[in-house]
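The sequence and structure are shown first.

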Amino acid sequence: MTSEQHYATVARLSDSLSDETDKPRYRRLKDGLTRAIEQGELHGGEMLPSSRVLADHLDVSRNTVNRAYRELVVEGFIEPIERVGYVVNDGLGECDAGGRSRDGSSAPIRWEERLGALVEGDDERTRPAAWRSYPYPFVVGPGPEGFPIGSWTRAMRTALREEHRGPSLHNLDDQDDPLLVEQIRRTILPARGIEATRDEILVTLGTQHGLHLVAEALLGAGSTVGVEDPGYPDARRLFLRQEARLVPLPVDAHGVTAPEGLSGLDMVFVTPGRQFPTNVTMTIGRRRELLARAGGDGALIVEDDYDSEYCYSRRPPQALKALDTAGVVVYVGSFSKFLAPGLRLGFVVADPILVDYLRRLRHDMLRHPPGIIQRTTALMMEAGDYSRVIRRHRRALRSKWQAITEAVDDLFPWSVPSTDGGMSLWVAGPKGLDAAALAEKALDDGVVIEPGRSCFLGPDRPARYFQLGFAAIDRDAIRPGIEHLARLL
């Protein structure tokens, strides 16, 4: 370094020391030296000024300089030479810490060439990201408003007591909280008519995670999956990511219609308790027919039982899994719909061999769902609070269901088939209606609806369907929101 370069560098170091910051002076000096090295002002192999010389130039103590030098040694920017001093590390190469060359140039990462292709529909958004800010959000799915804050807080405090601290805070490796598994086995599943042993239950981070594990375990290139049409778009995308081929299965007033033979299908995905998005419940005849055909042809059935608890005029039917005597049904359940959508907690019930395999897959992804969430949920259930929350939610949703059903019957220019439960209405508009255009126009009036085109398979997906969710909207806002929508219609 020439004398002019030397004094220019020292001047910049002096400026760094005078910066108004809460950092100690040795840290400011160390940061200034780091920048000088990264920007090529101090080259590899170059001797640094002695601590005395640099301290004199900067008008600081030698301790300040020595401490800055020691930190640079630890981080590898400079190297000490015994009885000589410090030199800039010659192994830093010609790039700075940010991957740029000394002249400041860098080759941009071509992300579009490195990222895999998304499956069809991955970029579809059926609701605006800021839907909560709209006065009439008829979105599908629950909101967090009914979350039992008091019950949850009590259970979490208990979960942090010494006797519960192990499963709450320790690494469970690939295991689940035994208390939660027992509560699922004794509280949740019997209400759905299902008997299961502990080794038939796996805890997941919600339904999506459970379906992801099942798809990764059982599907691959060349696999064939029968899916409801219309049906659940997110499940279809998970299957497509495994390079499976999808076969549409029509849905009518009795539920999904299975083909005469299932021998060409590796898996059938169904929502029999409340078909998504039509809200139809699969009849007992269809259920037995599907089970018989699957058992005879070796196809597996994946049952997504996402909101069966929310029946308002009858008792919910038993799960398809409850009728399964051949072990062909993989049951996927969730707590998120009943407590809060952000909780992300669910479970899979299946043959122990499959559950053990899914457990090992899950271990490679995330080991296990957070122990504190598992134990808190289990303690809520053990105290009876979970059942009370479900009953309270059911009452609140029944009131909203009545309000939206009455408003749609009174105000819509065509009839909408009634449903006996769920969290949304499936609306079939007249031919020629573009639900996507309607949804866009409705936003101007503060109304959020979700077009249903993404629920269908094939190139000629009908555009006249849309969903009206009523779980996340205030009851008092339902009729005014439907009035706005009816004026547009």
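## Strands β4 and β11

Strand β4 and strand β11 (residues 346-349) run antiparallel and are joined by four bridges. Strands are DSSP runs (E, at least two residues), and helices are likewise DSSP runs (H or I, at least four residues), numbered from the N terminus; two strands pair if DSSP finds at least two bridges between them.

Buried means under 20% relative accessible area, exposed over 50%, and partly exposed in between (1.4 Å probe, protein chains only).

## Basis of the model

The model is predicted: local features need pLDDT of at least 70, side-chain atom pairs count only at pLDDT 80 or more, and totals for chains, interfaces and linings use all residues. Residues are numbered from 1 along each chain as its sequence is written, and side-chain values use heavy atoms, with hydrogens and water left out.

## An open three-stranded sheet

An open sheet is formed by three strands in the order β12-β15-β14, with antiparallel pairing. Because β12 (424-428) and β14 (450-451) stand at the edges with a single partner strand each, one side of each has no neighbour in the sheet.

Five bridges connect β12 with β15 (residues 465-469). S424 has G469 in β15 as its bridge partner.

## A nonpolar surface patch

M47, I81 and V84 form a nonpolar surface patch, with about 250 Å² of accessible area together. Accessible areas come from the Shrake-Rupley method with a 1.4 Å probe; for residues, only the protein chains shown count as cover. Patch residues have over 30% relative accessible area and no salt bridge; like charges are joined within 9 Å and nonpolar side chains (Val, Leu, Ile, Met, Phe, Trp, Tyr) within 5 Å. A salt bridge is a side-chain nitrogen of Lys or Arg within 4 Å of a carboxyl oxygen of Asp or Glu.

M47 lies in the loop between α2 (25-38) and α3 (51-58). With a relative accessible area of 39%, M47 is partly exposed.
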